[in-house]
Amino acid sequence: MRKLIFFMHTSLDGFVAGTNGEMDWIHFNDDLFDFVATMTEQADTALYGRVTYEMMQQYWPTAGDKPNASKHDKEHAAWYNKVSKVVLSKTIHDNGLENTQVISEQLTENILKIKQELGKNILIFGSPSASHALLSLNLIDEFWIFVNPVLLGKGIPLFNGVNEKAQLNLIETKSFSCGVIALHYEKVVTKA
């Protein structure tokens, strides 16, 4: 079965965005971009909430074509343009969307169906509301949490909607020169 892997930047005090969705506090550098590229190579499906999907669609389809495009922009744009996209939304439809499936109901059944298809990993980037819905249904298999050296004080929380205790195993940690520390956890599967 394919894995659904959660990728999220967070502040040290546990917020994924400011109160108005601001993400200008996220630290990046080439090492971090190169590391994320190794993760995207292991995935052929990207999962987003509607807001994040619309933001991605405004930037990534042509990001690699710009004269000043960075190595990361070229590589991630190429990946973005070829992977299947899944969008969790009750307000948009997949009519006319290329290589994109919109899920608006029966979230558990539809995500489990996608996880059972042949393919590589499924990555959910950002998308706090969609992530919270997936967390509440216990559908996420692994977590990559990128802790940034900043305190926001308030904003959109990293975890919201967790209905029951979930035991996680720390698989690895990785630090980057920009001050970000990546924590990689997998969900402990208990046998009945």
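The following legends describe close-up views of one predicted protein model.

**Figure 1. Overall view of the predicted model.**
The secondary structure of the protein consists of five helices and ten strands. Along the principal axes, the C-alpha atoms fill a box of roughly 55 × 40 × 30 Å.

**Figure 2**
Eight strands form an open sheet in the order β5-β4-β3-β6-β1-β7-β10-β9, and their pairing is mixed. The edge strands are β5 (100-103) and β9 (168-175), each of which pairs on one side only. On average, neighbouring strands of this sheet are turned by 20° against each other, with direction ignored. As a general point for reading such a view, the side chains of a regular strand alternate between the two faces of the sheet.

**Figure 2. Strand β10 and its partner β9.**
Strand β10 (residues 181-187) runs antiparallel to β9, and seven bridges join the two. Several facing residues can be located along this pair. Leu 168 stands opposite Lys 187 in β10, Asn 169 stands opposite Glu 186 in β10, and Lys 174 stands opposite Ala 182 in β10. The hairpin of β9 and β10 has five residues between the strands, and within this hairpin Gly 179 takes a positive phi near 100°.

**Figure 3. Strand β10 and its partner β7.**
Strand β7 (residues 142-148) is also antiparallel to β10, to which it is joined by six bridges. Phe 146 has Ala 182 in β10 as its bridge partner. Ala 182 is also the residue of β10 that stands opposite Lys 174.

**Figure 4. Packing of helices α1 and α3.**
In general, two packed helices are described by the angle between their axes and the distance between the axes. Helix α1 (residues 30-40) packs against helix α3 (residues 71-82) at an angle of about 15°, and their axes are 11 Å apart. Because angles under 35 degrees count as roughly parallel, α1 is roughly parallel to α3. The crossing of α1 past α3 is left-handed. On the α1 side, the contact is made by Phe 33, Asp 34, Ala 37 and Thr 40. On the α3 side, the contributing residues are Lys 71, His 72, Glu 75, His 76 and Trp 79. By class, the residues of this contact divide into three nonpolar, three polar and three charged.

**Figure 5. Packing of helices α2 and α3.**
Helix α2 (residues 50-63) packs against α3 at an angle of about 115°, with the two axes 8 Å apart. Angles of 65 to 115 degrees count as roughly perpendicular, and α2 and α3 are therefore roughly perpendicular to each other. The crossing of α2 and α3 is left-handed. In α2, Tyr 53, Met 56, Gln 57, Tyr 59, Trp 60, Pro 61 and Ala 63 take part in the contact. These residues meet His 72, Asp 73, His 76, Ala 77, Tyr 80 and Asn 81 in α3. The contact of α2 with α3 has eight nonpolar, four polar and one charged residues.

Conventions: Residues are numbered from 1 along each chain as its sequence is written. This is a predicted model: local features need pLDDT of at least 70, side-chain atom pairs count only at pLDDT 80 or more; totals for chains, interfaces and linings use all residues. Side-chain values use heavy atoms; hydrogens and water are left out. Axes are lines fitted to C-alpha atoms, for helices over the stretch in contact, and angles run from 0 to 180 degrees between N-to-C directions. Helices (H or I, at least four residues) and strands (E, at least two) are DSSP runs, numbered from the N terminus. Angles under 35 degrees count as roughly parallel, over 145 as roughly antiparallel, 65 to 115 as roughly perpendicular and the rest as oblique. A crossing is left-handed if the near helix is turned anticlockwise from the far one by less than a right angle, and right-handed if clockwise. Contact means heavy atoms within 4.5 Å. Ala, Val, Leu, Ile, Met, Phe, Trp, Tyr, Cys and Pro count as nonpolar, Asp, Glu, Lys and Arg as charged, and the others, Gly among them, as polar. Two strands pair if DSSP finds at least two bridges between them.
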